[in-house]
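Please open the model in your viewer and have the selection tool ready. We will take a short walk through it, one stop at a time.

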Amino acid sequence: MSRPCVACVFPGQGSQRKGMGGDLFDRYESLCTTADRILGYSIRELCLNNPGGNLRHTAYTQPALFVANALIWLDRTERHPPPDYLAGHSLGEYNALFAAGCFDFETGLRLVQRRGALMAQIEEGGMAAVLGLDESQVKEVIRSHGNTTAGSAVDIANFNLPTQLVLSGPKAVLESLIAPMETAGARRCLLLNVSGAFHSRYMAATAAEFEDFLGQFNFEPPQIPVIANTTAQPYSSGDVAQRLVEQIRTSVRWSETMDYLLAQGVTELEELGPGKVLRKLWTAASEAAASKVAETTPPAENLSSTEPQATQPAVSAETAFTAETLGDATFRNDYGLRYAYVAGAPVPGIRTAEWVTNLGYKGLLGFLDPLDTEPDATVRAIVQVTQALGAGGSFGVSLRDTAIHSPNGAGAVEDHIVNAALEHGVRFAEATGYTRITPALIRFRFRGAYRDDAGQPVARRRLLALVTRPRIATTFLSPAPTELVASLVEQGELTSDEGEIARQLPVCSDLCAVAGISETADMTTLLPTILRLRDQQLARQGTQHRVRVGAGGAIGTPEAVACAFLLGADFIHTGAINQCTVEAGTSQAVKELLASLQIGETVPAPAADGFDLGTQIQVVKRGTMFAPRARKLYELFRFYDSLEAIDSAQRDKLEKTIFKRSLGSIWDELSDEATPSTEASSTKDQMADAKNRMADAKNRMGRVFGWYLRQSLRWAIVGEQGQEMSYQIPCDESMAAFNAYIAGSKLADGPRRHVAEIGERLMQDGAAFLNRRLRPAKRDCTA
């Protein structure tokens with residue numbers, strides 16, 4: 001059976017993160033008990049909480065990382081067939097050998113425990129990274145400026161990429177080479193925070209001691225080919241011990257390892273462990289290999305016919321689609337992703353810190369969108385994710401237009417989230433539900449903007465705007481309004497240089513055309529329209545800054561994924577299907593209902609946002625009375641001019657069956673919230689405007705009815721007892737389509753679905769669908 005050729009790789013020391021392993025410690029409790037017995041401390045506590053900062057210390061780091069990587073591998077084996085190849089960077093090679101069956105979990109842990117203890121004893125020497133020079137250039141600088149006498153020589157410890165090397169040797173010698181390396185053209189040369197000259201001749205004594213330790217173990221031949229660090233070739237039967245000894249004192253040839261995998265036809269690489277360093281190296285190696293092929297491919301002969309030729313997007317075996325190559329490569333690179341995939345949700349409160357972390361570990365993108373809009377809650381969530389994914393991790397925050405989503409004057413919420421994001425170095429944000437450009441959006445996007453050496457404007461942060469109409473897309477594709485930028489500069493929120501760049505660049509870096517849950521347009525009409533609009537704007541503005549456009553809404557099957565990319569999407573953005581996952585912030589009752597949803601079990605209902613305009617949203621109709629109750633409220637809103645005009649019988653019914661409290665008490669609650677605090681607004685005009693809006697009778701009725709629509713959403717998310725019939729569950733038909741697609745598989749168990757697992761499955765099966773449909777056959781992956 002034809003299939004993609006897959007390699008699984010495991011990261012080494014330096015990729016460790018607090019929180020690595022997550023809930024896998026609960027699933028593999030017996031292995032964790034074994035690890036605790038061997039190590040003499042709780043491996044779960046070390047990995048999840050990092051007591052005393054011990055993950056910084058080699059003796060702790062190596063066992064912890066081996067266990068975390070091993071658990072991730074075991075989790076993968078339950079969901080996917082074995083890969084075709086295995087490899088691991090330095091310490092990660094032990095995980096590759098474990099996965100290949102060369103030794104069991106307990107043996108592997110004992111090996112890395114000893115290795116870590118021996119390496120932790122090294123207190124002399126250091127390592128330095130050199131970026132931008134190749135091997136011959138680096139060796140020439142060492143020859144010209146280094147010291148080759150005994151005890152002063154420098155070795156190349158890691159060949160990560162052809163122009164990304166790591167040196168190992170005496171610290172003083174490494175320090176003396178920094179300036180010459182940069183003079184020779186290195187983009188960067190810096191010392192690494194390590195305690196010894198690892199993977200070099202200076203580790204010979206340690207390697208010898210480790211060799212003695214290895215003598216007590218027997219190793220089995222690999223059941224899956226494992227590519228050795230020292231040779232960039234597969235392990236052969238009987239050489240496991242020899243290679244592990246050599247690895248301590250010789251170079252890690254990772255660049256050659258990737259070249260070998262590419263030569264064997266590997267098309268998909270999975271990094272099993274915390275971080276995404278190896279994935280980035282693979283992307284760089286793959287793109288470099290593709291460029292070489294393009295440079296050496298002769299141009300096709302001209303066709304003799306003068307008529308336009310109808311071409312079919314045929315796919316050859318050498319250019320097969322893979323989950324990792326679908327979409328725009330710059331989108332993946334800019335966001336540090338493995339897949340051009342964003343996991344969204346139709347409402348706030350679903351995307352928790354656990355949600356974002358689960359996605360980040362797997363190379364997919366998520367945005368924090370907590371139900372609790374208190375600033376401290378947002379900060380805690382940001383800190384939690386940063387600790388798990390590391391500084392610069394691939395995640396962002398979701399921003400919502402407070403004029404729509406917080407109509408009672410809570411405009412400070414948006415500013416609080418932006419302030420927290422800026423303070424904690426969050427680089428990505430998602431803009432949802434905006435019909436205008438707000439100061440907070442501009443502050444986030446352009447704070448810290450600068451010009452590069454060529455004088456080109458550069459925005460440090462990326463803003464992904466979700467749009468449902470071409471008019472809104474135009475707003476985000478354009479530079480920020482001049483008056484708004486001038487005001488921010490005057491207030492000191494932007495510098496004059498940042499303001500000038502804000503007047504040049506588009507407000508967003510990326511757009512997503514969202515169809516489905518609240519709009520009548522579907523993907524096949526909205527996405528091409530937005531793409532053409534983008535291209536027109538690009539031509540009109542004459543800018544080199546191409547805004548990428550993705551497809552969102554009603555994507556829940558591999559066929560829908562394939563359709564989006566064939567229509568030209570640079571990435572995809574899923575929504576409703578992600579509510580039924582372990583990490584989703586909604587209630588268990590909602591998850592169980594969604595897991596069994598079928599086609600035809602959703603219905604349009606009035607939405608809280610735009611209620612007075614008749615805006616509708618698709619919601620679940622089974623098991624809840626929200627839709628008919630919301631429609632009843634909208635009918636009353638259209639027929640009556642005020643709450644007082646509704647006859648007493650109708651009011652009594654509303655208060656008893658829908659609101660379950662008096663309308664007057666709800667109005668009193670809203671009135672208390674209406675007036676902005678002096679912190680959120682210091683002008684009398686804003687306070688007077690708030691009071692005037694609330695005084696209008698029709699508006700007052702709309703606010704009271706809107707209270708129910710908003711509360712019904714919160715009741716569903718938190719699982720409010722006694723309000724089950726009022727649960728509002730926004731959902732389009734993609735949820736039912738997804739349920740049908742995964743019927744009979746492990747993912748059919750709704751409460752056990754993981755949000756990243758859904759994304760990976762859709763991207764992989766979407767690529768497979770394209771390969772089946774766009775070419776007659778695909779060659780098997782051969783070892």
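Predicted model: local features only at pLDDT ≥ 70, side-chain atom pairs only at ≥ 80, totals over all residues.

**Stop one: a helix**

Select residues 470-477, which make up helix α19. Show the side chains of I472, A473, F476 and L477: these residues are buried. Now turn the view to look down the axis of α19; its buried residues fall within an arc of 140 degrees, so they line one face of the helix. What covers them?

**Stop two: a sheet**

Next, bring up the four strands that form an open sheet, in the order β4-β5-β3-β6, with antiparallel pairing. Look to the edges for β4 (155-161) and β6 (188-191): each has a single partner strand, so one side of each is left without a neighbour in the sheet. On average, neighbouring strands here are turned by 20 degrees against each other, direction ignored.

Zoom in on β3 (residues 126-131), which is joined to β6 by four bridges, the two running antiparallel. Pick V130, and you will find its bridge partner in β6 to be C189.

**Stop three: cysteines**

How many disulfides are there? With sulfur atoms required to lie within 2.5 Å, the count is zero. Select C580 and C731 to see one case: the sulfur of C580 has its closest cysteine sulfur in C731, 9.5 Å away, which is too far for a bond. C580 is also buried, at 0% relative accessibility. Finish at C8, which is buried with a relative accessible area of 0%.

Notes
Residues numbered from 1 in each chain as written. Heavy atoms only, no water. Buried < 20%, exposed > 50% of the residue type's maximum accessible area, 1.4 Å probe, protein only. Arc of directions from axis to C-beta. Pairing = 2+ DSSP bridges. Axes fitted to C-alpha atoms, helices over the stretch in contact; angles between N-to-C directions.
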